[in-house]
Amino acid sequence: MLPKPPAALRSGDEPVRRLSRDVLPLDATELARFLVGATLVHDVDGARLSGRIVETEAYLVGDAASHAFRGRTARNGAMFLERGHAYVYISYGCWPMLNVSAGEAGVGTAVLLRALEPIDGIEAMRESRGAARILDIARGPGRLAGAMRVTLADDGADLCGDGPLWLGAPLGPPMTIATTTRIGITKDAERPLRFFERGNPFVSGPRRLID
DNA sequence: CGGCTGATGATCT
DNA sequence: GATCATCAGCCGG
């Protein structure tokens, strides 16, 4: 039982406010920074799963690492939705990945959610992920989606609407955001498009990328 | 803690 | 047929 969430992050105390679309930056880089510290909520089976987003990556227009680089396909269609929609795809045949679309409708760009600090439904998250340590419940994009019970069925969902999966206002004190290169890509790998809360133990990736 | 490896299947060429 | 926006497990220091 490692670090208990700070008081400001504890469940139930105050209702989390849904983010409206107009507060989301259009630009994926700005959106990626904006989402560090915001919350992700999934109301499912009468329970609430939620956490604080602590790590993101931006995928831009003209970015060779982006799934949208070669244009629109059946898989990446949700990347072209107006900002604030879910783009979910299956990575390495097994792992769902959750992105938040950025930009105007018709523009293929998004922000990958890479790590979450669990807040509500921690035991339910642990169950859906097998016996994982709290620190590992949502540390990494595949783990995050698994813990939050995000599946392909959520592809295209409006995260700024009335649905069960949504983005919430930031919780907790202001944080310092650090920037590095993105993880696990080979093309356009030098771009500084990964953002995370400095010092947060729920952030994924090798230590050399945690400054 | 850091480094390596096999699993695994959709997607696109 | 190649390429993955990864993960868990194992091994060594």
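1. In this predicted model, a backbone N or O atom of Gly93 lies 3.3 Å from a base nitrogen of DNA strand B. The neighbouring contact involves Tyr92, where a backbone N or O atom is placed 2.9 Å from a base oxygen of DNA strand B. In both cases the protein atom belongs to the backbone, as computed for Gly93 and for Tyr92.

2. A contact of another kind is made by Thr73. Here a polar side-chain atom of the protein is found 2.3 Å from a phosphate oxygen of DNA strand B. The reader may wish to compare this pair with the base contacts described in point 1.

3. Which residues surround DNA strand B? They are Arg70, Thr73, Arg75, Tyr92, Gly93, Cys94 and Arg207. By residue class, this surface divides into three charged, two polar and two nonpolar residues.

4. The structure holds 14 salt bridges. One of them joins Glu55 to Arg114, with the closest N and O atoms 3.0 Å apart. This pair links distant parts of the chain, since Glu55 is in strand 2 (residues 47–59) and Arg114 is in strand 5 (residues 110–120), 59 residues apart.

5. The cut-off for a buried residue is under 20% relative accessible area.

6. Arg114 also meets the side chain of Glu57 in a salt bridge, at 3.7 Å from N to O. Again the pair links distant parts of the chain: Arg114 lies in strand 5 and Glu57 in strand 2, 57 residues apart. Both Arg114 and Glu57 are buried.

7. A further salt bridge is formed by Asp188 and Arg191, whose closest N and O atoms are 3.3 Å apart. Asp188 is partly exposed, with a relative accessible area of 28%, and Arg191, at 26% relative accessibility, likewise counts as partly exposed. Elsewhere, salt bridges that share partners join Glu55, Glu57, Arg114 and Arg194 into one network.

8. Helix 1 comprises residues 28–35, and its buried residues include Ala28, Leu31, Ala32 and Leu35. Why do these residues lie on the same side of helix 1? They cover an arc of only 105° around the axis, and so they are placed on the same side of the helix. The buried residues of helix 1 pack against strand 2, strand 4 (95–101), strand 5, strand 6 (165–168) and strand 8 (194–197).

9. Both ends of helix 1 deserve a remark. At its start, a side-chain oxygen of Asp27 reaches to within 3.1 Å of the backbone nitrogen of Thr29. The helix is followed by Gly37, which has a positive phi, near 105°.

10. The last point concerns a glycine in a loop. Where does Gly161 lie? Gly161 is found in the loop between helix 3 (141–147) and strand 6. At 18% relative accessibility, Gly161 counts as buried. Gly161 and Met175 are 14 residues apart along the chain, and their C-alpha atoms are separated by 27 Å.

Definitions and conventions. Residues numbered from 1 in each chain as written. Chains lettered and ligands numbered in written order. Predicted model: local features only at pLDDT ≥ 70, side-chain atom pairs only at ≥ 80, totals over all residues. Heavy atoms only, no water. Near = heavy atom within 4 Å. Polar contact = N/O pair within 3.5 Å; in protein donor to acceptor, adjacent residues only side chain to side chain. Nonpolar A, V, L, I, M, F, W, Y, C, P; charged D, E, K, R; others polar. Salt bridge = Lys/Arg side-chain N within 4 Å of Asp/Glu carboxyl O. Helix = DSSP H or I, 4+ residues; strand = E, 2+ residues; numbered from the N terminus. Buried < 20%, exposed > 50% of the residue type's maximum accessible area, 1.4 Å probe, protein only. Arc of directions from axis to C-beta. Contact = heavy atoms within 4.5 Å.
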